[in-house]
Amino acid sequence: MRFLVSLLLVFILVFIFWPYYHLYRIDDALGRAEPAALAPLTDLEAIRDNTKERLEWALGLKNVTTGNNPMGWFQQGLQRAGEVALEETINLEWVQSQLRDAAATATDKRPAYFLAAVDYAMFESWNSFLVRLGKLGYNDTHIRLHLEGVTWKITDIVR
């Protein structure tokens, strides 16, 4: 019985520290010149979907119905154009640029390491982890990681 309890405690500790290890992996990938190093740690589709949702909400394009309303057609055209723009814009180079810029803004250390810029990193739920670069309310950037299989992947970047 003691063995099972010890095994369970080890499992819990490993699970708790697992996303922090992935923050180290992100920092290492950002130190490399090629953006492809971020590929195994990034879910581009989720980033695009979350960005699209925020943009639709901010522009009031959520739940647009066209009918015979020309304004509805215009809004639907904006949505389609926005989707195409997001597909072309949000790629690994964009993610690398966003994270590097956020780290440079959040820390005075040079070179600006990702880990040096982390001000807050904590679980939101068992499969969601939130990281804040910089002080809250002072040009901070939030990065959300989700557990996908055994890897924590970046699924949202909010600047």
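The structure is a predicted model, in which local features need pLDDT of at least 70, side-chain atom pairs count only at pLDDT 80 or more, and totals for chains, interfaces and linings use all residues. Residues are numbered from 1 along each chain as its sequence is written, and side-chain values use heavy atoms, with hydrogens and water left out.

Strands (E, at least two residues) and helices (H or I, at least four residues) are DSSP runs, numbered from the N terminus. Two strands pair if DSSP finds at least two bridges between them.

The pairs can be followed in order. β1 is joined to β2 (residues 128-133) by six bridges. A hairpin of two residues links these strands. S125 has S128 as its bridge partner in β2, and A121 stands opposite V131. Six bridges also join β2 to β3, again antiparallel. There, L133 faces T141 in β3. β3 (residues 141-148) and β4 pair over seven bridges. E148 stands opposite T151 in β4. The hairpin of β3 and β4 has two residues between the strands, and G149 takes a positive phi near 70 degrees in it.

Burial was examined next. Buried means under 20% relative accessible area, exposed over 50%, and partly exposed in between (1.4 Å probe, protein chains only). Six of the six residues of β2 are buried, so this strand is largely enclosed by the rest of the structure. In a regular strand the side chains alternate between the two faces of the sheet. In β2, S128, L130 and R132 point one way, while F129, V131 and L133 point the other way. Strand β4 (residues 151-158) is mostly covered, with six of its eight residues buried.

T155 lies in β4. This residue is buried, with a relative accessible area of 5%. Contact means heavy atoms within 4.5 Å. Leaving aside residues up to four places away in sequence, T155 touches D43, A46, I47, N50, R144, L145, H146 and E148.
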